[in-house]
Amino acid sequence: QLQLVSSGGGFVQPGGSLTISCIASGFILDNYEMGWFRQDPGKERVAVACLDSDGRAAYTDHVQGRFTISRDNAKTTLFLQMNSLNTADTAVYYCAVDSARRTTCGEGGSYGQGIQVTVSE
């Protein structure tokens, strides 16, 4: 069974950086649709960064140039490096993997547990 375990959330000051991780258990992150989503209170999850089955990355406008989605060489961990953070980046973040490659950004696949990222003075 595809399991994802997220880690690395926490508090950071505006302008700071944080990297969150998502470790795959029992499978290799290869040729899958993957991504990171954020969720604000009372709102639906929305994608912020995606990595497609060909390894191409895509970002929403508000994180383009600041966030980087990547995968380690062992293909067991998905990362989201977040730079130049601002208060608007505060949210619960989720990783997602669609091993069936039916949905963009892993949206219809399995999710890791949400991790809180708080950007504050």
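Okay, a quick definition to start: when I say salt bridge, I mean a side-chain nitrogen of Lys or Arg within 4 Å of a carboxyl oxygen of Asp or Glu. And keep in mind that what you're looking at is a predicted model.

With that cut-off, Asp-52 and Arg-56 count, because their side chains meet at 2.8 Å, N to O. Arg-56 has another partner too: Asp-54, at 3.2 Å, N to O. So which residues end up linked in a network of salt bridges? Asp-52, Asp-54 and Arg-56. As for where they sit, Asp-52 is buried at 18% relative accessible area, while Arg-56 is exposed at 53% and Asp-54 is exposed at 57%.

The structure holds 5 salt bridges, and one I'd like to show you is Asp-40 with Arg-38, at 2.8 Å, N to O.

Okay, on to a couple of strand residues. Ala-58 is in strand β6, residues 57–59, and it's partly exposed at 40%. Leaving out residues up to four places away in sequence, Ala-58 touches Val-48, Ala-49 and Cys-50. Take Val-48: it's 10 residues from Ala-58 along the chain, and their C-alpha atoms are separated by 8.3 Å.

Last one, Thr-118, in strand β11, residues 115–119. Buried or exposed? Thr-118 is buried, because its relative accessibility is 16% and the cut-off is under 20%. Its side chain makes a polar contact with the Gln-116 side chain at 3.3 Å. Further off in sequence, beyond four places, Thr-118 touches Gly-10, Phe-11, Val-12 and Thr-90.

Methods
Residues are numbered from 1 along each chain as its sequence is written. This is a predicted model: local features need pLDDT of at least 70, side-chain atom pairs count only at pLDDT 80 or more; totals for chains, interfaces and linings use all residues. Side-chain values use heavy atoms; hydrogens and water are left out. Helices (H or I, at least four residues) and strands (E, at least two) are DSSP runs, numbered from the N terminus. Buried means under 20% relative accessible area, exposed over 50%, partly exposed in between (1.4 Å probe, protein chains only). Contact means heavy atoms within 4.5 Å. A polar contact is a pair of N or O atoms within 3.5 Å; within protein, one must be able to donate a hydrogen and the other to accept it, and residues adjacent in sequence count only if both atoms are side-chain atoms.
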